[in-house]
Amino acid sequence: GAPDKRLFLLEEELGQGLRVMMREGSILSPILRQAWDSGNLHPIIKNNSERATDAHLSIIGHITQHELKKYLGEVEKFNGLCNRFIWCLVGQSKFISNPRPLPKESLAPLIEGIGASASFARKSRELTRDADAEAIWGGIYKSLRQEKPGAVGAITRRAAPIVMRLATIYALLESSKSIKAPHLKAAIAVWDYAEKSAHIIFGDSLGNKKADKL
């Protein structure tokens, strides 16, 4: 297959993908779950032998709260699809009547730094936590794995692996050979924001219409 198995998707209308999932026979949801788990994609469809191995798929999606609540099915909330995403509530922080692009002299060092980090990451095979990060991880792991009730509990159930993936990204961005305390603390801060966002977005739904009504 192709030597570069990475795919970055920017879906500015995530509702379109959710509507596709609602169609009978749609395989979009299981494909996204397989991509998160292993990157080995193999839809089980009769007379279809298409496969992808070791794929690395990243998705950024935009959607309003109203549209999300309308098109996100109850099944997707609880079947593991939603807890493979990091949900962030985002709003406009300021009003700029005449926005200007970032100067090239400011962008250049950022581009160069990211390029150097990407080159370092390609050569890396395994990252371990240093002693300080290991102590922090041991202290928060149980709380990250703790089961929480309702839809929010189902949507935030993969807190531990997501936090560690984020910490790994921060470590690689600094071309570090190990995950250090600042990398892990930054990842925990992102997750804390995402978890609070999930509570605001999805509320206190229990995932049962009759129970929610009561």
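How do the residues of the lining of the second largest pocket divide into nonpolar, polar and charged? The views below are of a predicted model, and the answer is given with the first of them.

**View 1. Residue classes in the lining of the second largest pocket.** This lining is made up of 17 nonpolar, three polar and three charged residues. The pocket holds about 410 Å³ of space.

**View 2. Centre of the second largest pocket.** The space of about 410 Å³ is lined by 23 residues, of which Leu9, Leu28, Leu32, Leu57 and Ile59 are the closest to the pocket centre. Two or more lining residues come from each of β1, α1 (14–21), α2 and β2. Of the elements, α1 gives the most to this lining, with five residues.

**View 3. Centre of the largest pocket.** The largest pocket has a volume of about 2200 Å³. Its lining counts 49 residues, and those closest to the centre are His56, Leu57, Ser58, Ile59 and Ile169.

**View 4. Elements around the largest pocket.** For the pocket of about 2200 Å³, two or more lining residues are given by each of β1 (6–11), α2 (28–37), β2 (56–61), α3 (65–71), α5 (104–123), α8 (159–173) and α9 (181–202). The element that gives the most is α8, with eight residues.

**View 5. Residue classes in the lining of the largest pocket.** Here the lining divides into 30 nonpolar residues, 11 polar residues and eight charged residues.

How values were computed:
Residues numbered from 1 in each chain as written. Predicted model: local features only at pLDDT ≥ 70, side-chain atom pairs only at ≥ 80, totals over all residues. Heavy atoms only, no water. 1 Å grid on protein atoms, 1.4 Å probe; cavity = no way out; pocket = protein on both sides within 12 Å on 5 of 7 lines; lining within 4 Å. Points joined across faces, edges and corners; volume = space filled by probe spheres on them. Helix = DSSP H or I, 4+ residues; strand = E, 2+ residues; numbered from the N terminus. Nonpolar A, V, L, I, M, F, W, Y, C, P; charged D, E, K, R; others polar.
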